[in-house]
Amino acid sequence: MTPEQPGSEFMKREDASSYETETPVLYEARDGIASITMNRPQFNNAQNSQMTYALDDAFRHAVDDDAVRVIVLRGNGKHFSAGHDIGTPGRDVNKSFDRAHLWWDHANKPGAEFNYAREQEVYVGMCRRWHDIPKPTIAMVQGACVAGGLMLAWICDLIIASEDAFFQDPVVRMGIPGVEYFAHAQELNPRIAKEFLFLGERMKADRAYMMGMLNRVVPAGELEQQTYEIAARIAQQPRLGLALTKQVLNRAEDLQGLRATIDMAYGYHQLAHAHGQVLGNGHLGGHDARSMVSANKQAATPGVKQ
Ligand code: ZN
């Protein structure tokens, strides 16, 4: 992928995506626990809209099944999620979908309206929707949890990570003030959030645990067993009691500023996308998947302690 040409994003763009799988998300329910597995391991579970809508279907299925008490969100392969899809053959940003919210279709919209409408639907809208699922959710995180991957972990109620997990939001390099679901200032002390974003470095699981972002850090070989043990214990609790507890804590988070912060940050986020376009660098500030992977590798081994 090359940086987009001036003006290219102000015109309707054709969908050229081709999917490597028809099952970007796997679903299984057993013993009161639904397992929702992102299944694009060859692309480190990069999230295209095909995956986002499949995740939404899977969450809906888990909510509708009375036998399901707890939901585990996980990623197939070495990594939980490398973030939003910015460069695989399955990148489907120009495609229309049967939307879950009442924002209009983005695909034929000009200028900044394209990203504004699209990201309301597939990023902020979906993340809020999943954050408020009335059943407890647990993110089971191994390897990379980067940018859009953070959003998926953060919307879960608990996060259990393996010792090899790392967390990173490198999008400031694109000129963008963090990912769309801006929970950074809630998940981290604001001063640490600034460091996390300004440097764009990997935060290892042990430090994320110290910051209160994670519930447990466990050896990689025990990640699944320990996650499902905790899920099984939660599954013993009464359904409505769990749902009410979750609602109270989610609304408490909103009172602490989560919802308002995300709304405020979304405007700046869209300004950044539009700024890149006005300069003729595309909405990712002239970056693409390759340049971000290479810069991320450099950020992984800086001279300072991570
Ligand atoms: Zn965005």
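Analyst: Begin with strand pairing: two strands pair if DSSP finds at least two bridges between them. Strands (E, at least two residues) and helices (H or I, at least four) are DSSP runs, numbered from the N terminus. Here strand β4 (residues 137-141) and β6 pair in the parallel sense over four bridges. Val 141 stands opposite Ala 161 in β6. This is a predicted model, in which local features need pLDDT of at least 70 and side-chain atom pairs count only at pLDDT 80 or more, while totals for chains, interfaces and linings use all residues. Residues are numbered from 1 along each chain as its sequence is written, and side-chain values use heavy atoms, with hydrogens and water left out.

User: Which strand do three bridges join to β6?

Analyst: That is strand β9 (residues 216-218), which runs parallel to β6. Ile 160 stands opposite Arg 216 in β9.

User: How many residues of strand β6 are buried?

Analyst: Buried means under 20% relative accessible area, exposed over 50%, and partly exposed in between, with a 1.4 Å probe and protein chains only. In strand β6 (residues 158-162), four of the five residues are buried.

User: Which residues coordinate the zinc ion?

Analyst: Donors are N, O and S atoms within 2.8 Å of the metal (3.2 Å for Na, K and Ca); water is not among the atoms, so sites may look incomplete. The zinc ion is coordinated at 2.1 to 2.4 Å by Glu 119 (OE), Glu 119 (OE), Glu 180 (OE), His 269 (NE2) and His 273 (NE2). Glu 180 sits in the loop between β7 (166-168) and α4 (184-187) and His 269 in helix α9 (residues 258-278), so this pair ties together parts 89 residues apart in sequence. Both Glu 180 and His 269 are buried.

User: Why does Arg 128 count as buried, and what does Arg 128 touch?

Analyst: Arg 128 counts as buried because its relative accessibility is 17%. This residue lies in helix α2 (residues 111-131). Contact means heavy atoms within 4.5 Å. Not counting residues up to four places away in sequence, Arg 128 touches Tyr 181, Arg 259, Ile 262 and Asp 263. A polar atom of the Arg 128 side chain lies 3.1 Å from the backbone oxygen of Arg 259.

User: What is the mean pLDDT of the protein chain?

Analyst: pLDDT is the predictor's confidence in each residue, from 0 to 100. The chain has a mean of 94, and 93% of its residues reach 70 or more. Over residues 1-10 the pLDDT is below 50.

Note on methods: Polar contact = N/O pair within 3.5 Å; in protein donor to acceptor, adjacent residues only side chain to side chain.
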